[in-house]
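Biologist: Could you walk me through how some of the helices and chains pack here?

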Amino acid sequence: MDHARILVVDDDREIANAIEKLLTLEGYEVVKAYNGMEALDALVTNSIQLIILDVMMPKLDGLSTTLKIRENKNIPIIILSAKSEDSDKILGLSMGADDYVTKPFNPQELVARVKSQLRRYMYLGAMASARKSSQIVVGGLSLDTETKEFKVDGEPVKLTPTEFKIMELLMSNAGIVFSAEKIYEKVWQEEAYSVENTVMVHIRRIREKIEINPKEPKYLKVVWGIGYKIEKC
Amino acid sequence: MDTRLRSVSRRKSTRILASVLTVILITAGVLLIQYLSYTGRELESLFIEKYKDSNYFYFNDVLPARNKVMYLLNNRDRIEKVPDDLDYYYYISEGETVFTNVPEDNKELLEEFEEALYSSGDWITEDNTDENYMHYFEREDDFKLALKFHDEYMASKQEFWENSRKSVMPFAVMAVLCFVLAFGLVIYLMVITGKSQDDDELHMWKIDRLYTELQVIAFGSIFAIWFSIANDVFGYRSSVVNKLEISQIYSLIFFGILTIFMVTIMGVLFFSMVRKFKAKTFWKQSITYTIYFKVKDFLKSLFDGRRFEKFPLTKALFYRQLAFIIVSFILVVLTFLFLFAPPLIIIPPIIEIAVIYWYVKYNNKTYEEINKGFDESLEEQMKSERMKVELITNVSHDLKTPLTSIISYIDLLSKEEDLSETARDYVNILREKSYRLKNIVSDLFDLAKSTSGDINLDMEKLDLKKLIQQTLGDMEDEIKDSGLQIRTKLPEEPIYIIADGKRLYRVFQNLIDNALKYSLKGTRIYINLEEVNGKAVASIKNIAGYEMNFTTEEILQRFTRGDKARTTDGSGLGLSIAESFTRVCGGDFKVDIDGDLFKVIIRFNIEN
């Protein structure tokens, strides 16, 4: 992991250089490419553990490049794009990307995402075979009902018992929306009365612990006016 | 001297005095005349010196005498003796027949009469020229009648005439004096009316705004009423007496009051018209002129293009319509004319059909043009809207790329270890501002997308109450940091609406954020939700911490913000985005500013 080699692809050389600097400072090795074709070439000549890929590029754009890479490789791909709409994100992720970061990005957030993706890549690679029955895994989140361990991309995260119970409920029903009342009844084992705020505050705290950017959560999502859910990955 | 006279002559009291005096003088004059006729005095004696020239003589002597003579003539067989106490001689000739009371010995009189008929020294003749007369008496063509009054009789009458004149004269002189004085006062009033003591401006009265015609008609009809009453009153005659009957005294009083009243009204109207003359509005302020002007202006507007300035295409429509109406009218008239020439009657309908064909055909063409123009402008509008979205998308992309570099390099710069303390401060400011710029670009993009309607919505049924609670929970830290308190009043039951949850969350987030940012320290923010007439009504109220010297329209305009607020962070688009997102979700968004109270009301249809 310490010697991970990252391929940065962006037609804007300044941005590519900046990302290179940023990642080198974190101890990564960086290979640069300035369009999709160069990126594919670089993949052949180098051993790459993660790709940061711009979308709008000459010759071969980011999305097509992603498709091409996914034909024979499953290394993590983080897409970088100036397009910030949900539909763009969904499109990118459905093409096989693992994460979607919008420009202009917070450099620290990008670094965090890189780390998260690398960890998960390594971790899942090692853990894939040995999954215990007491483990619930959703995307990069894993939760052990016996050991009460909670990990994000292999990194342990400390949750309070209540937070753990909430996550257990949501993760074992990934993709299903729970109302605050239901969560309260199941977790607190009490009749729910005016609990929206209590639950919401917990959700927010959990988000701060497990999400790289709590404002744009990847896993724990609020369905406004309805309830809460864990995104199915 | 001059100014003093002016100040006196223009004084209000002088004017009122003159007016009252005029009314009194006119009334007095009229009453004098009435008195004269009541006492049976002949006014004619004033003007006609000789009794024989007067109308009085003709009506009181000549006509009765003639009638009497004709009576005698018609009944001469039955009357045994022609009365010999007549005051006149008569002579009638009809061809050879002669009927007369002229004595045989007064031959020269007869001869004189042969030449010219005579009365009172002159003969009064009735020629056969008077057709009514001839008819009445069924006389032959050569009928002739002559009368001669005795000289003694005429002399006595002349004496009566002169006595009458003598008794009438003082009254007449007084009446004339009254009228002359009144006339003088009227002239004076005419000169000064409308002028004030202080300046030479013309001051109009309220009554002067009346249309001239109305004034003239009012004046005329009042005068006519007065005159007809006066005629009735004067027509009442009696023999010469010096004492009046009681009913006549009443009549005098009644007529006097009536005259005062009517002369006053007529005076007001008259002077109003005089003022209008002076102001040269006599003509302009008439109905006729108003109609004339409107018609003229309308006709003018048809030809100078004013009328069709805004809608040039309707010009053709109008002219066609005008032509159609005129031609149709002429054809109708022709049809009636041709009723007298049956074979021709077929022509107008044929022409009419042709005209209708022409009218419909070309009108349709014009309508087509109008529709085309309409479509074009609509398309133009859509195109410009689309271009706007594209522009915003491109611009925001072009902004984002360099901004990415800026943010990245600022981050790298901050990681440099050998930065001085000052440089580090600068870098922090740069970082802060670059993130603010990032937010602005992002807000601008969201707003442009939503206002143009080019936005993907994820509409679903949701509980507005829950959404507000979630938003408040989500913003708990910000609320705590602000030191402000939030008071919520939410209903027990959920309130379901159809909306895009994410967008609506942004709406409430922005509104609460604004309230937190701009509220006066120590005040409370009130968030209410209730059901009103089948609508979900949410309101957010806060007391502004600064003077809101803008209107609700201004605050919703993009980038408009309270002056002080400009310095704090945020894009200034929060409220606009909230409004726009509410609208795209199908809700109603209203801002209400009442003094320092800032209030936003959001309405949604309730979904069951």
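Biologist: Which handedness does the crossing of H2(A) and H3(A) have?
Modeller: The crossing of H2(A) and H3(A) is right-handed, where right-handed means that the near helix is turned clockwise from the far one by less than a right angle, and left-handed anticlockwise. This is a predicted model, in which local features need pLDDT of at least 70 and side-chain atom pairs count only at pLDDT 80 or more, while totals for chains, interfaces and linings use all residues. Residues are numbered from 1 along each chain as its sequence is written, with chains lettered from A and ligands numbered from 1 in the order in which they are written.

Biologist: And at what angle do the axes cross?
Modeller: The axes of H2 (residues 36-45) and H3 (residues 62-70), both of chain A, cross at roughly 25° and come within 9 Å, helices being DSSP runs (H or I, at least four residues) numbered from the N terminus. Axes are lines fitted to C-alpha atoms, for helices over the stretch in contact, with angles from 0 to 180 degrees between N-to-C directions. H2(A) is therefore roughly parallel to H3(A), a label for angles under 35 degrees.

Biologist: Which residues make that contact?
Modeller: Gly36(A), Ala39(A), Leu40(A) and Leu43(A) of H2(A) meet Gly62(A), Ser64(A), Thr65(A), Lys68(A) and Ile69(A) of H3(A), contact meaning that C-beta atoms, placed from the backbone, lie within 7 Å.

Biologist: Switching topic, how many residues does each chain bring to the contact between A and B?
Modeller: Chain A brings 25 residues and chain B brings 30 residues. On the side of chain A that touches chain B, H1(A) gives the most, with 7 residues.

Biologist: What does Leu464(B) touch?
Modeller: Beyond its neighbours within four places in sequence, Leu464(B) is in contact with several residues, including Gly225(A), Ile495(B) and Phe604(B).

Conventions. Two residues are in contact if their C-beta atoms, placed from the backbone, lie within 7 Å. Helices (H or I, at least four residues) and strands (E, at least two) are DSSP runs, numbered from the N terminus. Angles under 35 degrees count as roughly parallel, over 145 as roughly antiparallel, 65 to 115 as roughly perpendicular and the rest as oblique.
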